[in-house]
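I opened the model to follow the sheet and then the ligand site. My entries are below, in the order of looking.

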Amino acid sequence: MSHSSQSIAAALSALDGWPLLQGPRVRLRGPRDADVEAFFELFGDPRVMRYWSRPPLTERAEAEQLLTRCHDEFAARTALEWIIADENDRAIGSCKLFRLNPTHRRAELGYALHPDHWGRGVAREANTLALDWAFGTLGLHRVDAGIDPDNTASRALLHRLGFVTEGRQRESFFVEDRVTDSELLGLLGSDWRRDR
Ligand SMILES: CC(C)(COP(=O)(O)OP(=O)(O)OC[C@H]1O[C@@H](n2cnc3c(N)ncnc32)[C@H](O)[C@@H]1OP(=O)(O)O)[C@@H](O)C(=O)NCCC(=O)NCCS
């Protein structure tokens, strides 16, 4: 099936909720109010936020705001932020396609996983579900990612998924008083299919 800018825009507006994507160990599903505690734990953890574009959350209300933003961005179809849920449907992470751009058939990928689950291929499984949907079902042409160049785990994951490092922006992110470069990576739909 071939996809056009129009078909991508139409598919996004036709969504009546977050696509439910089931993998062998985890599933991607839409956020629920009950996920607020898990979100607070995740984005309040300094290990998770070490290379993030903002400092760790300190208040539960900030986690509520993040969940509200998920719903607002879904409503506007500018982003799809899924919950990564374990076999008990507990939220253990988040996986997000944002800056959704039907005209140029691209989006950006972001993710975070609770440290209890690191190092077991869970992020690879979760992001594979999102990318299969993004390229296969939605029909994107390209997915971008940007990382702090010191974030070796994130780079290893992206390279494992087939992303290629394409460049580096100097001093492009301030987190409080610290400024960092941004390493830019990209994955084309044609590479995604070829690699699999
Ligand atoms: C990045 C992150 C999602 C990786 O999660 P994970 O579940 O541990 O990753 P996976 O187990 O799926 O690993 C994927 C690949 O990356 C490699 N990798 C993971 N962590 C690594 C590390 N600390 N150092 C080197 N390689 C690492 C794995 O070996 C694996 O490659 P392989 O399949 O060839 O063995 C996790 O570390 C995280 O949530 N970090 C904090 C949030 C964050 O920085 N998000 C990205 C912002 S850009």
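**Terms and conventions.** I count two strands as paired if DSSP finds at least two bridges between them. Helices (H or I, at least four residues) and strands (E, at least two) are DSSP runs, numbered from the N terminus. The model is predicted: local features need pLDDT of at least 70, side-chain atom pairs count only at pLDDT 80 or more, and totals for chains, interfaces and linings use all residues. Residues are numbered from 1 along each chain as its sequence is written, and side-chain values use heavy atoms, with hydrogens and water left out.

I traced an open sheet of eight strands in the order 1-2-3-4-5-6-8-7, with mixed pairing. Strand 1 (21-22) and strand 7 (164-175) are at the edges with a single partner strand each, so one side of each has no neighbour in the sheet. Strand 7 runs antiparallel to strand 8 (residues 178-188), and eight bridges join them. I found Val-164 bridged to Gly-186 in strand 8.

I asked how many residues of strand 4 (residues 91-101) are buried. Buried means under 20% relative accessible area, exposed over 50%, and partly exposed in between (1.4 Å probe, protein chains only). Eight of the 11 are buried, so strand 4 is largely enclosed by the rest of the structure.

I then checked the pairing on either strand. Strand 3 (residues 80-85) pairs with strand 4 in the antiparallel sense over six bridges, and Leu-80 stands opposite Leu-97. These two strands form a hairpin with five residues between them, and Asp-89 in the turn has a positive phi of about 70°. Strand 5 (residues 106-113) is joined to strand 4 by seven bridges, also running antiparallel. That hairpin has four residues between the strands, and Arg-105 takes a positive phi near 55°.

**Ser-94.** I looked up this residue in strand 4. Ser-94 has 2% relative accessibility and therefore counts as buried. Ser-94 stands opposite Ala-112 in strand 5. Its side chain makes a polar contact with the side chain of Glu-81 at 2.7 Å. (A polar contact is a pair of N or O atoms within 3.5 Å; within protein, one must be able to donate a hydrogen and the other to accept it, and residues adjacent in sequence count only if both atoms are side-chain atoms.) Beyond four places in sequence, Ser-94 is in contact with residues including Phe-39, Phe-43, Trp-82 and Tyr-111; contact means heavy atoms within 4.5 Å.

**Leu-109.** This residue is in strand 5, and I read it as buried at 4% relative accessible area. The C-alpha atoms of Leu-109 and Asn-127, 18 residues apart along the chain, are separated by 8.5 Å. Leu-109 also touches Leu-131, Val-143, Leu-158 and Phe-163, among others.

**Ligand.** Which residues come nearest to the ligand? Of the 20 around it, they are Leu-113, Gly-119, Gly-121, Asn-151 and Arg-160. A residue is near a molecule if one of its heavy atoms lies within 4 Å of it. Strand 5, helix 5 (122-138), strand 6 (142-147) and helix 6 (152-161) each supply at least two residues of the shell; helix 6 gives the most, with five.

One is 3.2 Å to an N or O atom in the side chain of Trp-118.
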